[in-house]
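Welcome! Here is a short briefing to read alongside the sequence and the 3D view. Take a moment to look around first.

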Amino acid sequence: MKDVITQNLIGGAWQDSASGATFKNINPARNSDEIGSFPESGVEDVDDAVRAARSAFKTWSRMPAPARGDILRRIGDLLTEHKSALAFQMTREMGKPFFETKGDVQEAIDTAYYAATETRRLFGHTVPSELPNKFNMSIRRPIGVVGVITAWNFPVAVPTWKMFPALAAGNTVVFKPSEDAPNSGALLTKIMVDAGLPDGVLNLVQGGAGAGSALVEHPDVNAVSFTGSTATGSKIGEACGRMHKRFSLEMGGKNPAIVMADADLDLVLEGLVWGAFGTTGQRCTATSRLIVHEDVHDELVSRLKQRADALRIGYGNEDKVEMGPVINRKGAEKILHYLEIGKEEGATVYAGGKRATGADVDDGWFIEPTILTDVTPEMRVAREEIFGPVLSVLKISSYEEAIDVANNIEYGLSSAIYTKDVSMAFRAMHDIEAGITYINGPTIGAEAHMPFGGVKGTGNGHREGGWEVFEFYTETKTVYVDYSGRLQKAQIDNVED
Ligand code: UN1
């Protein structure tokens with residue numbers, strides 16, 4: 001496997017942007033380590049990529065779905081072969097520790113094998129007709145060319161959540177990775193084409209907002225799947241709505257972990273450290289609110305502080321590092337700004353709270369694992385997504401209050417409740433407004449074969465992952481076969497007035 005690929009892939013040819021423009025990407029843990037200069041693509045590049053995808057669609061969509069599944073299986077095999085080398089480059093590019101980027105690749109492997117098996121299902125329905133000698137069924141058709149726009153925090157897994165089911169269903173793809181993870185996207189693309197995807201079935205265009213909006217606005221792109229910020233998602237939704245395109249949005253979260261007084265605090269502690277500070281808190285599923293019963297509040301936050309203070313921060317490709325940097329200067333500044341807002345609102349910085357310093361971290365964007373206590377439900381730090389290692393702690397005194405506080409936000413992606421009370425756990429499964437609820441586990445850790453997505457401001461009603469994502473990537477075709485040999489009029493011939 002190559003270490004770095006700095007070109008677009010259009011119709012099977014690796015190439016620079018038409019204008020020759022590039023953007024630089026650096027290692028967030030070692031800013032002096034420049035990864036490369038990648039094509040800053042524009043309308044012309046996107047147009048070429050969409051044209052290639054459209055022309056490949058003719059044969060790809062007609063290939064038997066299980067034959068497409070065979071290629072997906074080979075992609076899974078190649079990802080397995082290159083797991084460590086790919087993970088190393090991902091950590092270098094976006095910062096999370098090597099053990100986490102290996103998990104990211106594993107999620108892609110699981111998604112590949114799962115999508116391969118779905119190519120042997122892609123179920124439709126057969127149902128009785130209201131008329132004699134007539135057969136009714138629905139089948140699934142691919143949509144056409146799909147635009148895939150993704151974030152940097154899961155630079156391999158999340159693109160595959162979109163591309164693998166899209167390809168399995170017979171669509172072709174134009175993929176625009178995040179500007180902060182272009183190399184991971186390019187290496188993934190190379191593995192996918194090496195596994196046998198025909199030219200034009202998958203096209204890669206690197207770039208920022210310009211490339212993204214060219215893709216969304218292209219009249220020959222039939223569907224767009226996006227993971228990223230709420231602001232960008234809203235713009236994409238507006239454009240797609242105007243152009244009658246199908247679109248799937250995965251956006252922000254402010255995920256609560258509710259801890260009731262009867263919870264196993266040792267288990268809670270492990271779950272909070274992983275949920276709040278894993279991936280440096282930069283998951284859309286990260287635990288960003290701890291909603292804790294007053295009886296166990298003090299003990300829990302003090303034990304949590306000890307664990308947060310002891311986390312080993314550094315460059316994720318080095319041994320024993322537990323938490324990496326945040327993605328870039330802008331990300332770090334946003335987090336620090338929110339800490340100022342929190343203090344002004346009356347929250348207490350109970351642990352962390354500033355940029356980390358030291359020989360090991362001075363050349364990167366590192367923020368200390370931070371715990372804010374005395375947070376109340378109306379504060380901005382309790383309601384807005386910070387996307388960093390910051391946990392806001394809210395104290396409650398009953399289950400009902402916990403649910404009210406948990407639901408008092410515009411988002412609804414993931415959630416958790418820790419309790420030994422079975423009835424309370426089952427009530428919470430229904431009461432928490434979120435697409436995902438974990439019982440006695442952290443808010444992170446979705447599995448590839450389960451539906452993934454959020455309610456309220458997090459998304460627009462679609463699910464990724466699992467079987468439900470195939471609904472998004474297919475159109476239903478209804479087919480009637482009349483073998484009576486005569487004209488039969490539905491709603492008329494079978495009704496006597
Ligand atoms: C994301 O942050 O966009 O459930 C995805 C999880 C991961 C996926 C996160 N498997 O935390």
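**Where two domains meet**

Across the interface of domain 1 and domain 2, three salt bridges are found. This is a predicted model, in which the protein chain is divided into domain 1, made of 8-251 + 459-478, and domain 2, made of 255-439. The points below walk through the interface, the salt bridges and the ligand.

**The interface**

- To get your bearings, start with the spacing: the C-alpha centres of the two domains, domain 1 and domain 2, lie 31 Å apart.
- On the domain 1 side, 25 residues are in contact with 27 residues of domain 2.
- Together, domain 1 and domain 2 bury about 2100 Å² between them, and 53% of that area is on carbon and sulfur atoms.
- Of the area that domain 1 buries against domain 2, 24% is supplied by Pro28, Arg30 and Trp152, more than by any other three residues.
- Polar contacts also join the two sides: 11 residue pairs are counted between domain 1 and domain 2, with both residues at pLDDT 80 or more.
- Two elements, helix H3 (83-94) and helix H4 (98-118), each give two or more residues to the side of domain 1 that touches domain 2.
- Helix H3 makes the largest contribution to that side of domain 1, with five residues.
- By residue type, the side of domain 1 that touches domain 2 has 10 nonpolar, seven polar and eight charged residues.

**Salt bridges**

- Side chains of opposite charge can pair when their charged atoms come close.
- Over the whole structure, there are 27 salt bridges.
- One of them pairs arginine 30 with glutamate 318, with the closest N and O atoms 3.4 Å apart.
- That pair links distant parts of the chain, 288 residues apart: arginine 30 sits in the loop between strand E3 (22-26) and strand E4 (34-39), while glutamate 318 sits in the loop between helix H10 (294-310) and helix H11 (329-345).
- Another salt bridge joins arginine 283 to glutamate 100, where the closest N and O atoms are 3.8 Å apart.

**Around the ligand**

- A polar atom in the side chain of arginine 283 is 2.7 Å from a ligand oxygen atom.
- Threonine 285 also uses its side chain, placing an N or O atom 2.7 Å from an oxygen atom of the ligand.
- Alanine 446 takes part through its backbone, where an N or O atom lies 2.7 Å from an oxygen atom of the ligand.

Terms used
Residues numbered from 1 in each chain as written. Predicted model: local features only at pLDDT ≥ 70, side-chain atom pairs only at ≥ 80, totals over all residues. Heavy atoms only, no water. Domains from an automatic or database assignment. Contact = heavy atoms within 4.5 Å. Buried area = accessible area lost by both parts, 1.4 Å probe. Salt bridge = Lys/Arg side-chain N within 4 Å of Asp/Glu carboxyl O. Polar contact = N/O pair within 3.5 Å; in protein donor to acceptor, adjacent residues only side chain to side chain. Helix = DSSP H or I, 4+ residues; strand = E, 2+ residues; numbered from the N terminus. Nonpolar A, V, L, I, M, F, W, Y, C, P; charged D, E, K, R; others polar.
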